Amino acid sequence: MSVFRRALAVAAVCAVLLPLSACGSGDDSGGSTDASGKVEGDITFQTWNLRANFKDYFEGVIAEFEKKYPDTHVKWIDQPAEGYADKISADAAGGTLPDVVNVSPDLVAPLAKAGLALDLDKAAAKYKKEYLAGAWASHRIPGMTGTYAFPWYLNTGPLFYNKSLFKEAGLDPDQPPKTYDDLFADALRMAKESDGKVATLANVPTIEDFGRYGVELMNKEGTAFAFNDAKGVELLTKYKELYDAKALDPQALTATPESSGKKFLTEAVAMNPGSALDLDNFKKQAPNLYKNIGITDQITSTGHVNMYVMGVMVNSKTKHAPASVAFAHFVTDAEHQMSFAKKVAIFPSTAGSLDDPYFTKEDGTDETRVRIAAAKSLKSAVNYTPVLFSEQMKTALRNEVAKALQGKESPKAALDNAVKQCDTLLRQQG
């Protein structure tokens, strides 16, 4: 599992729900939000499980920054993946939140609501044009004005499929499904031809799947969820058909990304999402699968693939706003994002970077092909998971989806119940 995906998984598991009342950097009186002054002072920079693999890279970036701004000093702290959200929540409540913090959108939301995240639309508006519009928008909070973190690295990936299993089911291995109708038809065919032994998919639909299907996930005010509309019910009804026909893996109700990946690796399911990192894994662990690997685009009804995004937030209570904003921008500028992207299979969020030959020039390898396809799709990608969708909400949706698939509730009743539970949790967030 990549650094990026591992971090994302932890973010999901540990949504910040504690009440946040205090401020950061030990300064209860608050700091200046004016980032236009002299870049000077001692600041702290916190990353999320990156020291082990990228120590030299970050020490180099910090040294560059301190050379450019001799009156600054950056103290770098790196927190382990496990418990990261809890650590941020505790620091926020205790007044020890670092000046510059590596976050994901779901971690920004409670901090912004508590007044602890600097609004970059006000403090750093001059930098906005340097980033992809979709990436900049990813750290906006429904119901609030402003943008609360610099976009940092992005990720997305294709759908992998097993050509051999497609062929055995009488499907054209060179014509993978392009639409949801294709996907559902192919999945039912594969289940029928294999007497239920081969499922096409290993996961139940998640909130991002509803988003990709074109479901309106929340109202525009960000005050209520809306994924129980006719389109949402339609998607869940389709998945119920797949489940009944064994076209959806029977263990999908309790699947994790790791377990789904293993099912695909052992050729028990025919399709699975992934990234360029997975290809090397297939080559080493499942040479027969690698020999028959098919690569196709994510299926969407919207024309926009899903993207994951990381960000760098500035503590609104920092005593050194100019230095903190300057450093957060420095870490996420085009030059440094490009440098980081060449060290790990992630993508820069800066405008124009995805046009670099590294992301556009084929060399005949599958790894490069996946990287180029992903980079192209990211230009118009969307982070479908609502910023306010917490881990408790994900659990509520998953539980109701499971009831629908098992026939304990109708798809409509299940989604109505999920929306009701999520709305209650949303109100509790404040």
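Strands and helices are DSSP runs numbered from the N terminus, a strand being E with at least two residues and a helix being H or I with at least four; two strands pair if DSSP finds at least two bridges between them. Contact means heavy atoms within 4.5 Å.

A word on the source: this is a predicted model, where local features need pLDDT of at least 70 and side-chain atom pairs count only at pLDDT 80 or more, while totals for chains, interfaces and linings use all residues. Residues are numbered from 1 along each chain as its sequence is written, and side-chain values use heavy atoms, with hydrogens and water left out.

Buried means under 20% relative accessible area, exposed means over 50%, and partly exposed is in between (1.4 Å probe, protein chains only).

E5 pairs with E6 (residues 271–273) over three antiparallel bridges, and with E7 (residues 293–296) over four, also antiparallel. Follow Leu159 across the sheet: its bridge partner in E6 is Pro273, and in E7 it is Thr296. Asn162, meanwhile, stands opposite Ile293 in E7.

## The six-stranded sheet

There's also an open sheet of six strands, running E2-E1-E3-E8-E4-E9 with mixed pairing. E1 (residues 41–48) and E3 (residues 100–103) pair in the parallel sense over two bridges, and Gln46 stands opposite Val101 in E3.

Helix H4 (residues 105–113) packs on this sheet, touching E1, E3 and E8 (308–314), and its direction makes about 130 degrees with that of E3. Helix H15 (residues 334–341) packs on the sheet too, touching E4 (150–155) and E9, at about 25 degrees to the direction of E4. The buried residues of H15 are His336, Gln337, Met338, Phe340 and Ala341; they pack against helix H2 (51–68), E4, helix H14 (321–332) and E9.

## Two loop residues with positive phi

Most residues other than glycine have a negative phi. Asn49, in the loop between E1 and H2, has a positive phi near 60 degrees. Glu267, in the loop between H11 and E6, has a positive phi near 65 degrees. Asn49 counts as partly exposed at 21% relative accessibility, and Glu267 is partly exposed at 23%.

## The second largest pocket

The second largest pocket has a volume of about 530 Å³. Of its 21 lining residues, the closest to the centre are Val382, Asn383, Tyr384, Thr385 and Pro386. A pocket is an open set of points on a 1 Å grid over the protein atoms alone, where a 1.4 Å probe fits and there is protein on both sides within 12 Å along at least five of seven lines; lining residues have an atom within 4 Å of a point. Volume is the space filled by probe spheres set on the points, which are joined across faces, edges and corners.

By class, the lining has ten nonpolar, eight polar and three charged residues. Nonpolar covers Ala, Val, Leu, Ile, Met, Phe, Trp, Tyr, Cys and Pro, charged covers Asp, Glu, Lys and Arg, and the others, Gly among them, are polar.

Terms used:
Axes are lines fitted to C-alpha atoms, for helices over the stretch in contact, and angles run from 0 to 180 degrees between N-to-C directions.
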